[in-house]
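The sequence and the structure are shown first.

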Amino acid sequence: MVTFEETLPATVYGIEKYLGSGLIKGIGPKFAKLIVTQFGKDTLDVIEAEPERLIEVPNIGKKRVEAIKRGWAEQKEIKNIMLFLQDKDVSTAHATRIYKQYGAESIKVEEEYPYKLADDIWGIGFKTADTIATKLGIEKERFIRLRSGLLYTLNKLAEEGHCYGTRAQLLETGAKLLDVDESLLSMTLDEMVHTKDVIVTPIPVPPGSPDSTEVDSGVAIYLPPFFYSEVGVENRLKKIYASPAAKPAAEQLSIAGEIEYDPVQLEAIQTAVRSKIMVLTGGPGTGKSTTTMGIIRAFRGQKVLLAAPTGRAAKRLSEVTGMEAKTIHRLLEFKPPEGYKRKENNPLEGDVLIVDESSMIDVILMYSLLRAVPDGMRLILVGDVDAMIMEQLLTMKGIEVEIAEDGQKAVDMYRDRPEGYYDAVLMDIRMPVMDGLQATEHIRAMGRSDSGTLPVIALTANAFDEDVQRSLLAGMNAHLSKPVEPERLYRILSELIVE
């Protein structure tokens with residue numbers, strides 16, 4: 001027998017959060033604030049004993065008062081559930097999500113399957129579920145805990161840009177996270193493979209590479225969505241590449257020839273009109289936008305679609321081209337909970353799709369996009385491969401990375417964060433909007449306690465003495481030329497970042 005003593009929120013702030021949590025129909029954050037402003041600490045007593053007084057609150061009509069009275073009566077039925085959750089130090093926000101997900105079964109799910117919360121409810125991860133489970137007395141070596149911890153480890157790898165993990169990687173990281181022996185985790189992982197919680201597949205060895213001598217290096221362990229998306233991306237790219245384009249390339253080459261560009265840009269434009277799939281890469285300031293405009297002009301007369309993974313990137317693409325550019329979600333007509341309207345049976349309508357900032361697209365979103373691309377459409381992916389590789393090099397070392405799309409954005413991000421937030425800045429000197437040299441000068445001139453000490457490392461496409469000198473004069477601390485050598489990058493960061 002478990003008993004609870006009812007303890008409703010005691011402070012005015014707590015009452016407002018309680019009423020605005022969504023548990024009581026007719027009251028949201030807006031009306032919660034109005035009601036609490038009117039009645040203060042007596043709010044709950046008024047709702048309980050004198051609900052007709054709610055009409056005294058500005059902008060609350062009789063219909064809403066009746067709705068609140070019904071909602072208050074209904075919420076009494078869930079008090080035991082909420083009190084149970086509060087006893088386990090579950091926040092009001094999490095308790096609300098739990099109740100909305102499981103209803104009357106909430107206590108049963110918590111007591112018997114607490115790690116199910118991490119699987120079913122957005123915003124409740126493994127660590128929250130593990131805290132609840134610990135308070136419930138669940139042993140740390142239980143299968144449900146080990147399974148959830150391994151899934152959490154794979155999800156963290158996915159957040160860092162990895163589609164899979166190796167067995168050794170999962171066992172080592174998982175053992176530290178869960179504080180258990182790797183042998184227990186190994187048995188758990190075997191059972192997860194058997195039940196299809198994870199998918200195991202060999203890692204192909206590139207031609208010419210020496211055979212791996214490590215047992216685990218040749219096996220990839222995936223969460224199912226990442227496995228099926230990765231396979232799906234490969235299959236769709238093969239199918240699109242093998243299918244003929246809507247118009248012959250010969251008709252387009254003459255159009256491209258009318259435009260004057262430098263030899264590299266012209267070659268890129270001609271490659272685009274000859275190709276079914278093309279990847280256009282280059283760092284900031286290398287002319288990707290100009291080349292993209294040339295490609296669009298070369299396809300004059302055809303329907304060209306423009307997209308980018310983020311709203312900011314789509315807006316910038318639209319400003320550069322003078323054409324409508326959409327986020328990928330908007331392009332695919334995403335509507336929760338139905339998902340994407342555009343897919344195989346309702347593909348995109350057009351001849352050419354140009355996707356900017358494609359290095360920012362994860363494999364699941366890319367698969368959703370390619371599912372909506374008809375076989376005859378040309379696909380041009382534009383992105384900064386150096387930025388993507390740089391991010392991967394840093395996240396591999398456990399370094400948290402934030403990316404600024406241009407120099408002005410870098411300055412804004414630095415200004416908006418508290419002093420000491422950033423440990424270092426890697427600044428491409430050819431950033432758009434505001435170049436890296438100007439951005440560094442702005443940071444140095446801000447007068448914050450860390451403005452003069454924050455390490456800023458210059459990135460350039462070459463190692464000319466002139467570039468090195470310019471970066472140092474702008475206040476940068478070091479210089480890296482692209483492609484970046486990983487060991488040199490790590491060495492410079494370790495030298496400049498002082499704990």
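## Helices 15 and 16

In this predicted model, helix 15 and helix 16 cross in the right-handed sense. Helix 15 covers residues 263-274 and helix 16 covers residues 288-298; the two pack at an angle of about 40°, and their axes are 9 Å apart. Helix 15 is therefore oblique to helix 16.

On the side of helix 15, the contact is formed by Q265, A268, I269, A272 and V273. Helix 16 contributes T290, T291, G294, I295 and A298. Sorted by class, the contact of helix 15 with helix 16 has six nonpolar and four polar residues, and no charged residues.

## Helices 9 and 10

Helix 9 (residues 126-135) packs against helix 10 (residues 143-159) at an angle of about 160°, with 10 Å between the axes. Because of this angle, helix 9 is roughly antiparallel to helix 10. The crossing of helix 9 past helix 10 is left-handed.

The residues in contact are F126, K127 and D130 from helix 9, together with R145, S148, G149 and Y152 from helix 10. By class, the contact of helix 9 with helix 10 comprises two nonpolar, two polar and three charged residues.

## The loop residue P114

P114 is located in the loop that lies between helix 7 (106-112) and helix 8 (116-120). With a relative accessible area of 0%, P114 counts as buried, because the cut-off for that class is under 20%.

Apart from neighbours within four places in sequence, P114 is in contact with V109, A129, A133, L136, I138 and I144. Of these, A129 and A133 fall within the range of helix 9, residues 126-135, and I144 falls within that of helix 10, residues 143-159. The C-alpha atoms of P114 and R145 are 8.9 Å apart in space, although the two residues are separated by 31 places in sequence. R145 also takes part in the contact between helix 9 and helix 10.

## R236 in helix 13

R236 belongs to helix 13, which spans residues 224-242. Is R236 buried or exposed? R236 has a relative accessible area of 14% and is therefore buried, as this value is under 20%.

When residues up to four places away in sequence are not counted, R236 touches Y367, L370, R371, V373, P374 and D375.

Strands of a sheet pair through backbone hydrogen bonds, in either a parallel or an antiparallel arrangement. Strand 2 pairs with strand 3 (residues 219-222) in the antiparallel sense over four bridges. Within this pairing, T201 stands opposite A220 of strand 3.

## Strands 11 and 12

Strand 11 (residues 425-428) and strand 12 pair in the parallel sense, over four bridges. In this pairing, L426 is placed opposite I457 of strand 12.

Strand 12 runs over residues 456-460, and five of its five residues are buried, so the strand is largely enclosed by the rest of the structure. V456, A458 and T460 point one way from strand 12, whereas I457 and L459 point the other way; all are buried.

Notes:
Residues are numbered from 1 along each chain as its sequence is written. This is a predicted model: local features need pLDDT of at least 70, side-chain atom pairs count only at pLDDT 80 or more; totals for chains, interfaces and linings use all residues. Side-chain values use heavy atoms; hydrogens and water are left out. Two strands pair if DSSP finds at least two bridges between them. Axes are lines fitted to C-alpha atoms, for helices over the stretch in contact, and angles run from 0 to 180 degrees between N-to-C directions. Angles under 35 degrees count as roughly parallel, over 145 as roughly antiparallel, 65 to 115 as roughly perpendicular and the rest as oblique. A crossing is left-handed if the near helix is turned anticlockwise from the far one by less than a right angle, and right-handed if clockwise. Contact means heavy atoms within 4.5 Å. Ala, Val, Leu, Ile, Met, Phe, Trp, Tyr, Cys and Pro count as nonpolar, Asp, Glu, Lys and Arg as charged, and the others, Gly among them, as polar. Buried means under 20% relative accessible area, exposed over 50%, partly exposed in between (1.4 Å probe, protein chains only).
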